[in-house]
Every structure is written in C-alpha cells, then in structure tokens.
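Look over the sequence and the structure before reading on.

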Amino acid sequence: MTFLKDINDASKLINETFYWAFVSPFKGRGIRVRASISEMVKAGYNSVPIVAVISFFIGVILALQSAYQLKRVGALIYVANLVGVSITRELGPIITAIIVSGRSGSAYAAEIGSMKAAEEIDALKTMGINPVRFLVVPKLMALMIMLPVLTIIADVVGIFGGFLLSTTVLEIHPYSYFQQTVNALLVKDIITGLVKAWAFGVIITIVGAYQGFKVEGGAEEVGRRTTASVVASIFLVIVFDLFFTALFYYFT
Amino acid sequence: MENAIEVRNLITHYGDREILKNLSFSIPKGKTTVILGGSGCGKSTLLKHLIGLLKPTSGSILMNGKDIAILDEAELDEVRKKTGVLFQGAALLNSMSIAENVALPVAEHTKLNESTIQIMVRMKLDLVGLSGFENYYPSQLSGGMKKRAGLARAIALDPELLFFDEPSAGLDPVTAAGLDELILKLRNVFKMTIVVVTHELPSVFMIADYVIMLDIGEVIFSGTIDELKASDNPRIRMFLERRPEKEAFSPDDYFRIIAGD
Ligand SMILES: Nc1ncnc2c1ncn2[C@@H]1O[C@H](COP(=O)(O)OP(=O)(O)O)[C@@H](O)[C@H]1O
Ligand SMILES: [Mg+2]
C-alpha cells in the first residue's frame with residue numbers, strides 16, 4: 001500500500017515538475033533564470049574538478065586493465081578503442097551521474113527537507129508561490145544542462161588519461177593512439193552517452209526533491225532522507241542505464 | 001456583525017485519527033480573533049485548514065462567500081494573495097536576506113519595478129521596527145526579530161486577513177508583548193482581520209476582541225473576551241486559572257494498583 005502511494009506521490013511530483021518546466025513557460029509563467037544559473041554553478045561548475053580527477057583516473061585504470069588482456073594477443077593498439085568507446089558510451093555518463101548524485105542530489109534532499117521541517121515550504125504555498133516551480137525547476141534545468149556538459153568533460157579527460165598512460169607506460173606512439181581513437185569513436189557513441197547523461201540529470205533532481213518533500217518531522221529525518229536520496233538515485237541511474245543500453249543495443 | 005470567515009461542520013483526520021470534530025464558528029471582520037486551546041488540541045491543524053494548506057475530510061470554510069475547502073490551487077492562490085501568515089518559527093527562507101524575503105511575494109505577484117519594491121520593503125521593515133536590517137540573513141537575527149521579519153513579509157501585499165500561529169511561543173515576555181503591540185497596531189491602523197492561534201493567556205487578554213476556545217478538537221466557547229472572563233464552564237475556568245487537569249489516581253490508588261489489591 002505504501003509502495004503504491006509512493007509511486008503515486010512520485011508521479012505527481014514528476015508531472016508537476018515537467019508542467020512548470022516545459023508547459024507553463026509557454027503560458028507566460030517563465031522559469032526562474034537567475035536561480036537556474038546559480039544552481040548550474042553549484043551543481044556544474046563546482047563539480048568540474050572532482051569529475052575531471054576521477055575520470056582521469058578511470059581512463060588510466062581502463063587503459064592498464066585492457067592492456068593486460070590485449071598484450072597477450074598482440075593487439076595493444078586496441079587499448080585506444082576500448083578506452084574511447086567504454087568511456088563515451090558508459091563510464092563518462094555513469095561516473096558523472098554518481099558524483100552528482102552524491103554532491104547535488106543529496107544537497108537537494110537536504111535543502112528541501114529542512115525547508116519542509118521549518119515550515120518554509122508551507123510559507124511559500126501561502127504566499128501563492130508553487131514550491132516545485134520555485135525550488136525544483138531551477139535544479140532540473142541546471143542538471144539537464146550540466147550533466148551532459150560534465151559528461152563531455154569526463155569523456156575528454158578520461159580519454160586523455162588513457163592516452164597519457166598508453167603513450168608512456170605502454171609506449172604506444174601518440175599519433176597512432178590518436179588516430180586509433182578517432183577511428184574508433186562514432187558520433188553515435190558520444191550522443192547516446194549524452195542522452196543518458198541528460199536522463200540521469202532528470203532522475204537525480206526528481207529523486208532528491210522527492211525525498212526532500214517527504215520529510216514530515218525534524219532534523220533527524222532530513223538526515224535519513226538525504227542518505228536515502230543518494231542510494232535511490234544511484235540505484236535508479238543504474239537501472240535506467242541498463243534500460244537505455246539495451247535500447248541502444250537493439251535500435252542503433 | 002459581518003464575518004470574514006465562516007466554518008461549518010469541519011471534520012478532519014490525520015490518517016484514521018479524527019483531529020477536528022465537527023467545528024462550526026465564524027470569525028468577525030476587522031477584529032482580532034484568538035483561537036485558544038491547550039497544546040495538541042488541534043489549533044495548528046485548524047489554522048492549516050483556514051489557509052488552505054490542508055483539505056478537510058468534510059465541512060466547509062467560507063471566505064468572502066467562497067468555500068476554500070473545494071477551491072483548486074490556482075483559485076486558492078488568488079485567495080492567498082489577500083492573506084498573510086506568520087508561522088510559528090517565522091519560516092523565513094534561510095538562503096535569502098531579510099529584504100529579499102519581504103520582497104518575495106511582491107516580486108511574485110506584482111509587476112512593480114525593482115526600486116519600487118525596494119521602497120515597499122523598507123516601509124514594511126520600518127513598520128515592524130527592523131529598518132537597517134535589510135541585508136541581514138535570518139540566521140543572524142534573534143527569535144523576536146525573525147518573527148518581526150516574518151510579519152513584514154506577511155503584510156508585504158497589504159492583506160485583508162492575517163494569521164498568526166503561536167506568535168509569542170519561544171519569546172521572552174517583553175519581546176512577546178512587543179509583538180502583541182504590533183498586532184494591535186495592525187488591527188487599529190490597517191483594519192485588518194486578524195486570527196491568532198495561541199495558548200498564552202497574557203497575550204489573549206491584550207489583543208483579543210473575540211475568542212474561540214478549542215478543547216480536544218471541539219469548540220467549547222466562542223464569544224467576546226468579556227464573555228470569556230465571565231464564563232463558568234469548568235474547562236474554561238481551569239484554563240483561565242491555570243489549574244492542572246485533575247489527577248486520575250491519588251497516591252493511595254497507585255499504591256493499591258501496585259500492591260495488586
Ligand atoms: N502531520 C501530522 N500527522 C499526524 N498527526 C498530527 C500531525 N500534526 C499534528 N498531529 C496531531 O494532531 C493533534 C493536533 O495537533 P496540532 O494541531 O499541532 O495541535 P496544537 O497546535 O493545538 O498544539 C496532535 O495530537 C498531534 O499529535
Ligand atoms: Mg501548534
């Protein structure tokens with residue numbers, strides 16, 4: 001029963017969020033641009049260092065791990081293919097989504113949850129200000145834009161990590177590695193990765209906001225909901241990743 | 001006497017638990033009405049229904065002839081532009097300065113330009129005695145100042161109806177009396193209809209024109225403050241004279257229960 005109610009509450013939130021984000025601007029009730037930009041800075045710009053460092057390491061690890069296998073069949077140059085394709089199609093979007101879940105998804109749950117506990121959400125409603133439009137839509141806009149952007153950064157830096165390792169430790173010639181990567185990568189790979197990133201941005205925003213709005217009691221519940229939002233959004237990101245990957249596998 | 005709000009047969013539940021049990025009363029226009037009652041009797045719940053945050057199980061709440069219990073969100077927003085609410089903890093947005101908090105409803109609901117809004121904000125802050133605190137953040141203010149700032153926000157759009165939830169809760173007597181003065185001023189000068197939910201007697205005697213008393217989800221009294229003082233209902237006397245509820249068992253009874261006799 002509670003599960004059905006949760007589904008119902010979540011779909012109401014999704015409905016309302018999409019209404020205020022995509023329908024109401026055409027009815028003359030625009031989104032809050034300045035708040036959206038500030039959310040973009042918080043979620044996007046401030047995540048650049050951590051996303052870059054982690055995807056650099058992932059690129060290095062990936063190159064080492066694939067070299068371990070490919071060396072045996074004498075196809076070391078294919079390290080470039082493996083690194084390039086798996087980062088753009090899979091690891092770039094997923095690593096970015098996991099980092100942003102931890103940084104921003106949890107912050108959204110905590111922000112909205114503590115506002116709920118302090119009656120600030122009620123106050124917004126009594127001022128005739130819709131809390132979803134006021135709080136959730138700017139966050140949605142920010143993540144829908146910044147998750148793909150961060151993913152591009154993760155792709156570039158990750159591939160660079162693989163390149164650096166391959167040209168030094170593995171002694172592959174820089175130019176042939178570059179050529180191999182360019183030939184291996186299809187625009188399709190990059191685009192599907194970015195589509196996934198966009199969807200992950202939506203998931204992280206909705207899950208964080210949903211958990212925040214669920215808060216009924218005080219500070220202790222805010223903490224619990226914050227943790228729950230990270231677990232739930234990483235879980236849902238992986239589930240949707242599976243779904244999208246299967247979809248792209250059969251239809252592209 | 002004209003009524004600002006009329007509540008008829010209001011019944012509400014949290015889950016299966018009935019909180020308000022068939023309330024009917026009216027709130028006079030242009031006066032200060034105090035909703036009085038012990039902790040947990042359902043005062044905040046009633047207030048949340050009056051401002052349209054909760055929907056009742058049954059019954060109606062008429063404001064200017066409209067039943068707000070059945071209005072949709074868009075229609076409710078129209079009503080809300082003419083109402084202000086000061087929440088128990090002031091409920092200022094912590095991420096914004098005091099001036100931005102007070103400006104928020106004005107910027108949302110009017111097309112006034114930035115400098116006009118600034119002037120309005122300064123006037124409201126002046127009125128509540130907070131001029132000079134425009135750029136402070138809620139976390140930098142004391143409890144009493146937060147409530148004053150919350151009040152400035154509540155009256156930003158010059159509402160006809162103003163609600164207070166426990167305005168003196170958590171304040172020292174002097175600060176609380178200062179807030180009561182402000183409530184009196186708003187009624188006398190701006191002719192607002194004011195509804196105050198409280199359990200603080202000194203405050204009731206200072207501000208109330210009209211009193212509605214709740215006891216475990218039922219109205220046990222409604223009338224003027226003088227009628228309240230003259231009432232001989234035992235529950236009301238107990239409240240006014242601050243007597244505790246009668247112990248169900250005497251120490252001797254406890255002893256007998258423990259001894260299993
Ligand atoms: N969100 C809620 N869910 C369930 N029960 C609640 C909720 N809010 C209040 N209650 C219960 O309803 C009763 C009335 O609460 P409330 O209206 O806050 O009382 P008051 O403001 O008079 O102290 C209390 O017994 C309280 O435990
Ligand atoms: Mg209360």
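**Cavities and interface**

The residues lining the largest cavity comprise eight nonpolar, four polar and four charged ones. The model is predicted. A search of the whole structure finds four cavities of 30 Å³ or more.

**Largest cavity**
- The volume of the largest cavity is about 150 Å³.
- Its lining has 16 residues, and those nearest the centre are A:Met127, B:Thr83, B:Gly84, B:Arg153 and B:Ala154.
- Two or more lining residues come from each of helix 5 of chain A and, in chain B, strand 6 (83–86), helix 3 (98–109) and helix 5 (143–154).
- Strand 6 of chain B gives the largest share of this lining, three residues.

**Second largest cavity**
- The second largest cavity holds about 60 Å³ of space.
- Among the residues that line it are B:Leu50, B:Met63, B:Thr83 and B:Phe163.
- Helix 2 (residues 73–80) of chain B contributes the most to this lining, with three residues.
- By class, seven of the lining residues are nonpolar, two are polar and one is charged.

**Interface of chain A and chain B**
- The two chains bury about 1,500 Å² between them, and 58% of this lies on carbon and sulfur atoms.
- A:Glu119, A:Thr126 and A:Met127 supply 38% of the area that chain A buries against chain B, more than any other three residues.
- The contact involves 16 residues of chain A and 20 residues of chain B.
- Two salt bridges are found across the interface.
- A:Arg29 forms a salt bridge with B:Glu108, with the closest N and O atoms 3.0 Å apart.

Definitions and conventions. Residues are numbered from 1 along each chain as its sequence is written. Chains are lettered from A and ligands numbered from 1 in the order in which they are written. This is a predicted model: local features need pLDDT of at least 70, side-chain atom pairs count only at pLDDT 80 or more; totals for chains, interfaces and linings use all residues. Side-chain values use heavy atoms; hydrogens and water are left out. Contact means heavy atoms within 4.5 Å. Buried area is the accessible area (1.4 Å probe) that two parts lose on being put together, summed over both. A salt bridge is a side-chain nitrogen of Lys or Arg within 4 Å of a carboxyl oxygen of Asp or Glu. On a 1 Å grid over the protein atoms alone, a cavity is a set of points where a 1.4 Å probe fits but cannot get out, and a pocket is an open set with protein on both sides within 12 Å along at least five of seven lines; lining residues have an atom within 4 Å of a point. Grid points are joined across faces, edges and corners, and a volume is the space filled by probe spheres set on the points. Helices (H or I, at least four residues) and strands (E, at least two) are DSSP runs, numbered from the N terminus. Ala, Val, Leu, Ile, Met, Phe, Trp, Tyr, Cys and Pro count as nonpolar, Asp, Glu, Lys and Arg as charged, and the others, Gly among them, as polar.
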